Amino acid sequence: MEQNLIDPENIIPLPMPGELWPELGDSIAFITEDIDLQVLYSAYMQGIFPWFSEEDNEPVIWHSPNPRFCIQPEDFHLPKRLERFLKHTPYSYTMDKCFDKVITECSLMNRKDQDGTWIGSKIIDSYTKLFQLGYAHSVEAWKDDELAGGLYGVLIGSVFFGESMFTKQSDSSKSAFAVFMKAFLACGGLLVDSQCYTDNIARYGAKNISRDAFLRIEKKALRTPLEKDLEIEFEKQSMNLVNLNS
């Protein structure tokens, strides 16, 4: 198999968190020097993801936290203020328009209580390849032909693994995420994985659930395809906003 291809039928069994190095806690599953695409795909299929700091010369650390922070369809809601904002949004929204710019902007975003960034060259290279293969996606918010905010993540089956977002102008990434969620749920999306708790995603109804519960839900949802084309549904939701605001 070529290095830059993924065989979705070849799921590599990976160590469970705490199995190899229990002294490191129950979140870390394993550690590698690089990110192999087949391992990356296999990791998502087993509830594991890479999270490390290249700036601090860390190796690739693969995590599966307990509890897991996620959004299920029955829990999702839009804050009233954001719902009102969308009725008069100054932004236009696209999907997969400029993945490379979105992930680069995410890597440059200054975040509270965080020095530097965890999105280094290894992450950018690997997820750009996932995008080229159709597994990773970006969502963009535009104002006057300028990129105002956005987010990216990985979509497998009916699970969206949210990775990161950035904001240059007020409410840009929040509203972009809201439009994405409307489209994702309209397509029969079953689970959004936000990995660990954040105040930002909590406002949409995300909750902590046990790792075992997450893996049970994920296992079924990963094998369940979306009922509609997500990009077409996203464009429809975006056009609805254009018509509403025209």
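Ser-170 touches Phe-85 and Tyr-91, leaving aside its neighbours within four places in sequence. This is a predicted model. Ser-170 sits in the loop between β8 and α5.

- Ser-170 counts as exposed, because its relative accessibility is 54% and the cut-off for exposed is over 50%.
- Thr-128 is 42 residues away from Ser-170 along the chain, and 27 Å separates their C-alpha atoms.
- Asp-171 is found in the loop between β8 and α5 too.
- Is Asp-171 buried or exposed? Asp-171 is buried, with a relative accessible area of 10%.
- The backbone of Asp-171 has a positive phi, near 65°, and the residue is not a glycine.

**Helices α2 and α5**

- Helix α2 covers residues 80-87, and helix α5 covers residues 172-186.
- Their axes are 10 Å apart, and the packing angle is about 90°.
- That angle makes α2 roughly perpendicular to α5.
- From α2, the contact uses Arg-81, Leu-82, Glu-83, Phe-85 and Leu-86.
- From α5, the contact uses Lys-174, Ser-175, Ala-178, Val-179 and Lys-182.

**Helix α3 and its cover**

- Which residues of helix α3 (residues 99-108) are buried? They are Phe-99, Val-102, Ile-103, Cys-106 and Ser-107.
- These residues lie on the same side of α3, because they cover an arc of only 135° around the axis.
- The cover over the buried residues of α3 includes the helix α4 (121-132).
- Strands β6 (136-143), β7 (146-156) and β8 (159-167) are also included in that cover.

**Helices α3 and α4**

- α3 and α4 pack with axes 10 Å apart, at an angle of about 150°.
- How are α3 and α4 oriented to each other? They are roughly antiparallel, because angles over 145 degrees count as such.
- Their crossing is right-handed.
- On the α3 side, Phe-99, Ile-103 and Ser-107 take part in the meeting.
- On the α4 side, the partners are Ile-123, Ile-124, Tyr-127, Thr-128 and Phe-131.

**Helices α1 and α4**

- The axes of α1 and α4 come within 11 Å and cross at roughly 75°.
- α1 and α4 are therefore roughly perpendicular to each other.
- Leu-37, Leu-40 and Tyr-44 of α1 meet Ser-126, Tyr-127, Lys-129 and Leu-130 of α4.
- Tyr-127 meets residues of α1, and Tyr-127 also takes part where α3 and α4 meet.

**Nonpolar cores**

- In soluble globular proteins, nonpolar side chains tend to be buried together.
- How many residues make up the largest nonpolar core? The largest core has 46 residues.
- Trp-62, Ile-123, Tyr-127, Leu-130, Tyr-152 and Ile-156 have the most contacts inside this core.
- Helix α1 (residues 37-44) gives the most to this core, with six residues.

**The loop between β3 and β4**

- Ser-64 is found in the loop between β3 (60-63) and β4 (68-71).
- Ser-64 is buried, because its relative accessible area is 0%, and the cut-off for buried is under 20%.
- What does Ser-64 contact, leaving aside its neighbours within four places in sequence? Its contacts are Pro-17, Asp-26, Ser-27, Gly-47, Ile-48 and Arg-211.
- Pro-67 lies in the loop between β3 and β4 as well.
- The peptide bond from Asn-66 to Pro-67 is cis, and its omega is near 10°.

**The loop between β2 and β3**

- Asn-57 lies in the loop between β2 (49-50) and β3.
- Asn-57 counts as exposed, at 71% relative accessibility.
- Asn-57 is not a glycine, yet its phi is positive, at about 60°.

**Strand β7**

- Glu-146 is found in strand β7.
- Glu-146 counts as exposed, with 52% relative accessibility.
- Glu-146 and Cys-187 are 41 residues apart along the chain, and their C-alpha atoms are separated by 29 Å.

Terms used:
Residues are numbered from 1 along each chain as its sequence is written. This is a predicted model: local features need pLDDT of at least 70, side-chain atom pairs count only at pLDDT 80 or more; totals for chains, interfaces and linings use all residues. Side-chain values use heavy atoms; hydrogens and water are left out. A nonpolar core is a set of buried Ala, Val, Leu, Ile, Met, Phe, Trp, Tyr and Cys residues joined through side-chain atoms within 4.5 Å. Buried means under 20% relative accessible area, exposed over 50%, partly exposed in between (1.4 Å probe, protein chains only). Helices (H or I, at least four residues) and strands (E, at least two) are DSSP runs, numbered from the N terminus. Contact means heavy atoms within 4.5 Å. The arc is that of the directions from the helix axis to the C-beta atoms. Axes are lines fitted to C-alpha atoms, for helices over the stretch in contact, and angles run from 0 to 180 degrees between N-to-C directions. Angles under 35 degrees count as roughly parallel, over 145 as roughly antiparallel, 65 to 115 as roughly perpendicular and the rest as oblique. A crossing is left-handed if the near helix is turned anticlockwise from the far one by less than a right angle, and right-handed if clockwise.
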